[in-house]
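Here are my notes on the model you sent. Please read them beside the coordinates.

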Amino acid sequence: MATAPLRTLTEHHAIALELCEPLTARLTPLAEAYGLVLAAEVLAGTDTPPFDNSAMDGFAVRHIDVEHATPDAPVTLTVVGDVPAGSDEDPAVPAHSAVRIMTGAPVPTHATAIVPVEHTDVPSGPGALPETVTVHHATVLGAHVRRAGEDVQAGDVVLTAGTRLTARAIAAVASAGSAVVAAHPRPRVGILSTGSELVAPGTPLRRGQIPDSNSYLLAAAVEEAGGTAVRVGAVTDDVASFAAALTDLAATVDMIVTTGGVSVGAFDVVREVLESSETVEFVPVAMQPGKPQGLGTWQGVPIFTLPGNPVSAFVSFEAFVRPGLRRMAGHTDTERPVLVRAAGVAWHSPAGREQLMPVRFVDDTVVPATGRGSGSHLVASLALADGFAIVPADVTEVAEGDELRVMVVS
Ligand SMILES: Nc1nc2c(c(=O)[nH]1)N[C@H]1C(S)=C(S)[C@@H](COP(=O)(O)OP(=O)(O)OC[C@H]3O[C@@H](n4cnc5c(N)ncnc54)[C@H](O)[C@@H]3O)O[C@H]1N2
Ligand code: MOO
């Protein structure tokens, strides 16, 4: 496709989101569901708790027998049964008798209260079933009985569609009696760095070489955003190698992210391979960093071709890829939180481009994350940033005290 005119960040963001349809939901075992997004509401299959049960280790009684018991006027009952947790027994509780019961065990039908063991003469802890129990505390109707359905009732909506499956949400599903949930799968994101200068981190560098930090940066960012990263690593600026790597990847992932090779250089391989595809559009976006962007589909898979400079790649991930990935994962809230903060110092911003300045929070203000400026190559300094201050395209000088929107990424 031909190069389009300058596009705003907002326009490119909207196109990116549109491209990334929510992935088709699957029935997923609970043990694999953490972090996924529910595609359908979860209804309780049973009451929770499923039966009236004891909240205390102690004795199930008729409260009428012990409602006036005190240390000075204790009441002695005959122990007629034992109900440990897990038991399905329902022993009778005649007048002036008690049944030993443990926390979580079903309350006998004819018992009306539980007396904790501490309110009796029976020692706490393991021991044989006593013949009698003397109660020395007054007990009221329903004391320490947890009612069936007190938490949720069969048929109640436990969780709504769109809920992220946190640890607590998963417990709610399990307690409602389901072993599986209908959830959007975790998007698998293929990550490919391009550049003949790139070597694996830790490799001794000859002149002209640098470590490939982008594929590690983006793989971690994908995982953090709730995706599964398929990190291919770096391929050289060779058309055949890049095209082959891309085709292999497209067969196994839901989204592809590449870095590098999208500018106007003589060896910009990403652009060379994809520009003729008619399914990927290369557009300059009015932002700094992150101006050269490519977006579209490759063999039906959404593809983002991000600029190679590491700060540009990360800003582009945050601005476009992360929202798309979150939409694919089923989230309705696709965006990072945005706060308004005053600039703690003055800085410059380019004319005609929305600046996303990596910043740190200092007291109530934001300051550039590094004193070395906003260069898109400052990858080590990027680690200091808490977020990006968004400077409007028509502002060229940020003054101390100016209020700015700040996208929080830390
Ligand atoms: N004549 C022009 N030159 C450039 C322009 C322009 O408009 N006219 N735009 C500049 C801007 S802005 C950016 S951003 C870059 C984008 O270039 P590419 O996407 O083609 O990226 P590369 O040239 O491959 O690399 C740029 C830079 O980043 C380093 N890099 C690349 N990949 C990695 C990686 N995986 N890990 C770490 N660092 C990486 C690479 O070595 C380069 O230094 O173009 C400008 N040029
Ligand atoms: O737009 Mo480039 O991404 O400034 O460095």
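The points below go from domains to sheets, ligands and single residues.

1. Basis. This is a predicted model, in which local features need pLDDT of at least 70, side-chain atom pairs count only at pLDDT 80 or more, and totals for chains, interfaces and linings use all residues. Residues are numbered from 1 along each chain as its sequence is written, while chains are lettered from A and ligands numbered from 1 in the order in which they are written.

2. Domains. The chain is divided into domain 1 (9-23 + 185-328), domain 2 (26-48 + 151-184), domain 3 (53-146) and domain 4 (338-408). These bounds come from an automatic or database domain assignment. The centres of domain 1 and domain 2, taken over C-alpha atoms, are 34 Å apart. In domain 1, 5 residues are in contact with 4 residues of domain 2; contact means C-beta atoms, placed from the backbone, within 7 Å. The side of domain 1 that touches domain 2 has 3 nonpolar, 1 polar and 1 charged residues. Here Ala, Val, Leu, Ile, Met, Phe, Trp, Tyr, Cys and Pro count as nonpolar, Asp, Glu, Lys and Arg as charged, and the others, Gly among them, as polar.

3. The six-stranded sheet. The order is β16-β13-β17-β21-β20-β18, in an open sheet of 6 strands with mixed pairing. Strands (E, at least two residues) and helices (H or I, at least four) are DSSP runs, numbered from the N terminus. Pairing requires at least two DSSP bridges between two strands. β16 (228-235) and β18 (280-284) are the edges; each has a single partner strand, so one side of each lacks a neighbour in the sheet. From one strand to the next, the twist averages 15°. Strands β20 (residues 292-298) and β21 (residues 301-306) run antiparallel, joined by 5 bridges. Leu295 stands opposite Phe304 in β21.

4. Helix α5 on that sheet. Helix α5 (residues 239-250) packs on the sheet and touches β13 (188-194), β16, β17 (255-259), β20 and β21. Its direction makes about 170° with that of β16. Axes are lines fitted to C-alpha atoms, for helices over the stretch in contact, and angles run from 0 to 180 degrees between N-to-C directions. Val239 is in this helix. Beyond its neighbours within four places in sequence, Val239 is in contact with Val269, Glu272 and Val273. Val239 counts as partly exposed because it has 13 C-beta neighbours inside 10 Å. The scale is buried at 20 or more other C-beta atoms within 10 Å, exposed at 12 or fewer, and partly exposed in between, with C-beta atoms placed from the backbone.

5. The five-stranded sheet. This open sheet of 5 strands has the order β8-β5-β7-β6-β9, and its pairing is mixed. The edges are β8 (113-116) and β9 (132-135), each with a single partner strand, so one side of each has no neighbour in the sheet. Here the twist averages 40° from one strand to the next. β5 (residues 58-61) and β7 (residues 97-101) run antiparallel through 4 bridges. Val61 stands opposite Ala98 in β7.

6. Strand β25. β22 (residues 338-343) and β25 (residues 365-368) run parallel, joined by 2 bridges. β24 (residues 354-362) pairs with β25 in the antiparallel sense over 4 bridges. β24 and β25 form a hairpin with 2 residues between them. Asp363 in the turn has a positive phi of about 50°. With 9 C-beta neighbours inside 10 Å, Asp363 counts as exposed.

7. Ligands. Ligand 1 is surrounded by 27 residues, the closest being Asn214, Gly260, Ser263, Pro307 and Gly308. A residue is near a molecule if its C-beta atom, placed from the backbone, lies within 6 Å of it. Its shell divides into 8 nonpolar, 15 polar and 4 charged residues. Around ligand 2 are Gln288, Pro289, Gly290, Lys291, Pro307, Asn309, Ser312 and Ser376.

8. Backbone points to check. Most residues other than glycine have a negative phi, and most peptide bonds are trans. Thr48 and Pro49 are joined by a cis peptide bond, with omega about -10°. Another cis peptide bond joins Gln288 and Pro289, with omega about 0°. His96 has a positive phi, near 65°, and lies in the loop between β6 (75-83) and β7.

Conventions
Contact = placed C-beta atoms within 7 Å.
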